[in-house]
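The questions below are meant for someone meeting this structure for the first time. Each answer works through a few steps and ends on what was asked.

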Amino acid sequence: MGHGGNVIDELVTDHREVEEMFGKIEGLPSGHADRKRYADQVTIELVRHSVAEEAYLYPAVREHVANGDNLADRELEDHATAERIMKDLEGCDPGDADFDRLMGMLMSEIRSHIADEEGNLFPALRQACPMDTLNELGEKVRKAKKTAPTRPHPAAPDKPPANKLLAPGTGMVDRLRDALTGRGKSE
């Protein structure tokens, strides 16, 4: 799928890619080894996506949208829940009894989060924020995803400035670990 455009278009593209990976997981029988490979890939994408949202999207929501603090705080709670599930899932093999339960919890949490963002948060931001700002945020989000962590870090800060300072270093360590283990690679 093509990335680019304003922050909303960028994040909706991410949502569709994650949903596509969920479909691949759901299409495989319980215990199939590829379920773990897809779970790792979806975790990588969700963590990168979340870090970028926390660094740029939610501060913009706080600044531009009426009741933005409450909206952003609710989204951050969703991220924290998903990150705890991903951390638990990270230690599971696809044949483990907990794998399917945790994967189901993650899919449910993320699908609910996506529906809320696309149905409420994104329309409010589009209405309240100038288009040039949305375009600038899109570029910032794309850059942030390139250096973001790829593994869940539930204890990491989720608000600026600490998250912007720590994410690139954590991301570098995560990508090194991924390269050494082959995690997240297709085939």
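Q: How far apart are the end C-alpha atoms of helix H5?
A: In this predicted model, helix H5 covers residues 131-147, which is 17 residues. At 1.5 Å a residue the helix should span 24 Å, and the distance between its end C-alpha atoms agrees with that, so the value to report is 25 Å.

Q: Which helices do the buried residues of H5 pack against?
A: The buried residues of H5 are Thr133, Leu134, Leu137, Gly138, Val141, Arg142, Ala144 and Lys145. These buried residues pack against H1, H2 and H4.

Q: At what angle do H1 and H5 pack?
A: The axes of H1 and H5 are 7 Å apart, and Val7, Ile8, Glu10, Leu11 and Asp14 in H1 meet Leu134, Leu137, Gly138, Val141, Arg142 and Lys145 in H5. By class, this contact has 6 nonpolar, 1 polar and 4 charged residues. The two helices pack at an angle that makes H1 oblique to H5, and its value is about 40 degrees.

Q: How is H1 oriented relative to H4, and why?
A: Helix H1 (residues 7-26) and helix H4 (residues 97-128) pack with their axes 11 Å apart, at an angle of about 160 degrees. Because angles over 145 degrees count in this way, H1 is described, relative to H4, as roughly antiparallel.

Q: What is the handedness of the crossing of H1 and H4?
A: In the contact between these helices, the residues of H1 include Leu11, His15 and Phe22, while those of H4 include Met103, Ile110 and Phe122. The residues of this contact divide into 14 nonpolar, 1 polar and 8 charged. The crossing of H1 and H4 is left-handed.

Q: How many Å does helix H3 reach from its first C-alpha to its last?
A: Helix H3 runs over residues 68-90 and has 23 residues, for which 33 Å is expected at 1.5 Å a residue. Among its buried residues are Gly68, Leu71, His79 and Met86, and the buried residues of H3 pack against H2 and H4.

Q: Where does Asn67 lie?
A: Most residues other than glycine have a negative phi. Asn67 is not a glycine, yet its phi is positive, at about 65 degrees. Asn67 lies in the loop between H2 and H3.

Q: Is Val47 buried or exposed?
A: Val47 lies in helix H2, which covers residues 33-64, and, leaving aside its neighbours within four places in sequence, Val47 is in contact with Met86, Pro149, Thr150, Arg151 and Pro152. The C-alpha atoms of Val47 and His79 are separated by 9.0 Å, although these residues are 32 apart along the chain. The relative accessible area of Val47 is 4%, which is under the 20% cut-off, so Val47 is buried.

Q: What percentage of contacts in the protein chain between residues at least 6 apart in sequence join residues at least 24 apart?
A: The protein chain has 6 helices and 0 strands, and its elements run α-α-α-α-α-α from the N terminus on. Buried residues make up 47% of its 187 residues. Among contacts between residues at least 6 apart in sequence, the part joining residues at least 24 apart is 74%.

Methods
Residues numbered from 1 in each chain as written. Predicted model: local features only at pLDDT ≥ 70, side-chain atom pairs only at ≥ 80, totals over all residues. Heavy atoms only, no water. Axes fitted to C-alpha atoms, helices over the stretch in contact; angles between N-to-C directions. Helix = DSSP H or I, 4+ residues; strand = E, 2+ residues; numbered from the N terminus. Parallel < 35°, antiparallel > 145°, perpendicular 65-115°, else oblique. Left-handed = near helix turned anticlockwise from the far one by under 90°. Contact = heavy atoms within 4.5 Å. Nonpolar A, V, L, I, M, F, W, Y, C, P; charged D, E, K, R; others polar. Buried < 20%, exposed > 50% of the residue type's maximum accessible area, 1.4 Å probe, protein only. Expected span 1.5 Å × (residues − 1).
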